[in-house]
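Keep the sequence and the structure in view while reading.

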Amino acid sequence: MDSMTESQVPIKMSYPGAVNEDDCLEQQIQHLLVAVEHEIRSTPAGMNELSLIKALQGQPWELLGDVVFSEPEKLYPVHFLLFHVLYRLRDQLSEAGESLQISPLNIRIEKQSVVSGEGVPDSVDTLRQFYLDLSQYRLPEEAIQRMMNDFWAGAPGQAPAQAETREAAEILGFQAVPSDFPTVKKRFRRAVMNAHPDRGGKTETIQDLNQAFAVLKAHFRHNI
């Protein structure tokens with residue numbers, strides 16, 4: 001698969017006056033910027049990626065179509081475009097003295113605690129670079145399979161933030177971050193079994209568990 005076709009991308013791509021697909025995509029992004037900021041401001045405590053996707057699918061926005069959460073190649077374009085919008089929104093908000101915290105597990109707006117900049121001076125935000133590069137929107141299926149977990153859990157070479165690691169542990173039912181990865185794997189398998197649709201669970205819940213597991217896997221990879 002060399003590129004995503006419109007039928008494979010559950011994004012509404014029809015806009016009057018758009019002369020090509022790139023124009024449609026940019027107009028979609030502009031609509032999403034408005035909707036995403038509204039939804040995040042409406043939830044001061046923050047919301048996870050799946051909750052935000054559902055909000056954008058519903059009224060009054062209806063900006064996203066059906067999403068197959070269990071198939072990475074179909075989820076990826078939605079995930080990528082949403083995070084592209086989030087990083088563009090973060091840049092906009094920083095000019096107004098606000099900070100947008102971006103994590104699949106918790107997305108929220110906060111007041112900036114510093115005048116400008118975050119992290120180590122001259123450090124490169126590799127996640128920001130990736131998501132702002134729209135050429136990454138269409139990838140071969142095998143590349144999508146490799147990258148989804150990596151970029152949910154932090155860029156290669158980066159450990160997840162402590163707050164994100166704690167949130168991931170809580171999603172899997174831990175009161176604190178476990179001391180070893182085998183404990184995480186055992187709890188994850190049990191949680192996925194309990195959340196299986198055949199037992200009355202939801203696919204979205206399994207996706208939450210997958211994201212939490214990816215974060216904790218990255219945590220232990222960088223702390224052993």
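Which residue follows helix 6, and what is its phi? Helix 6 is followed by Gly-173, whose phi is positive, near 95°. The model is predicted.

**Helix 6: two sides**

- Helix 6 covers residues 162–171.
- Its buried residues are Glu-164, Thr-165, Ala-168 and Ala-169.
- Viewed down the axis of helix 6, these buried residues fall within an arc of 140°, so they line one face of the helix.
- An α-helix has 3.6 residues a turn, so residues three or four places apart point the same way.
- Gln-162 and Glu-170 lie on the other side of helix 6 and are exposed.

**Helix 6 against helix 8**

- Two packed helices are described by the angle between their axes and the distance between the axes.
- For helix 6 and helix 8 (residues 203–221), the angle is about 130° and the axes are 8 Å apart.
- The crossing of helix 6 past helix 8 is left-handed.
- On the helix 6 side, the contact is made by Glu-164, Thr-165, Ala-168, Ala-169 and Ile-171.
- On the helix 8 side, Asp-208, Leu-209, Ala-212, Val-215, Leu-216 and His-219 take part.
- Sorted by class, this contact has seven nonpolar, two polar and two charged residues.

**Helix 2 against helix 8**

- Helix 2 (residues 49–57) also packs with helix 8, at an angle of about 140° and with the axes 10 Å apart.
- Helix 2 contributes Glu-49, Leu-50 and Lys-54 to the contact, and helix 8 contributes Glu-204, Gln-207, Asp-208 and Gln-211.
- The residues of this contact divide into one nonpolar, two polar and four charged.

**Two residues of helix 3**

- Arg-90 is in helix 3.
- Buried means under 20% relative accessible area, and Arg-90 is buried because its value is 18%.
- Leaving aside residues up to four places away in sequence, Arg-90 touches Leu-100, Ile-102, Asp-125 and Arg-128.
- Ser-94 is also found in helix 3, which spans residues 72–94.
- With a relative accessible area of 33%, Ser-94 is partly exposed.
- Ser-94 and Gln-112 are 18 residues apart along the chain, and their C-alpha atoms are separated by 7.7 Å.

Notes:
Residues numbered from 1 in each chain as written. Predicted model: local features only at pLDDT ≥ 70, side-chain atom pairs only at ≥ 80, totals over all residues. Heavy atoms only, no water. Helix = DSSP H or I, 4+ residues; strand = E, 2+ residues; numbered from the N terminus. Buried < 20%, exposed > 50% of the residue type's maximum accessible area, 1.4 Å probe, protein only. Axes fitted to C-alpha atoms, helices over the stretch in contact; angles between N-to-C directions. Left-handed = near helix turned anticlockwise from the far one by under 90°. Contact = heavy atoms within 4.5 Å. Nonpolar A, V, L, I, M, F, W, Y, C, P; charged D, E, K, R; others polar. Arc of directions from axis to C-beta.
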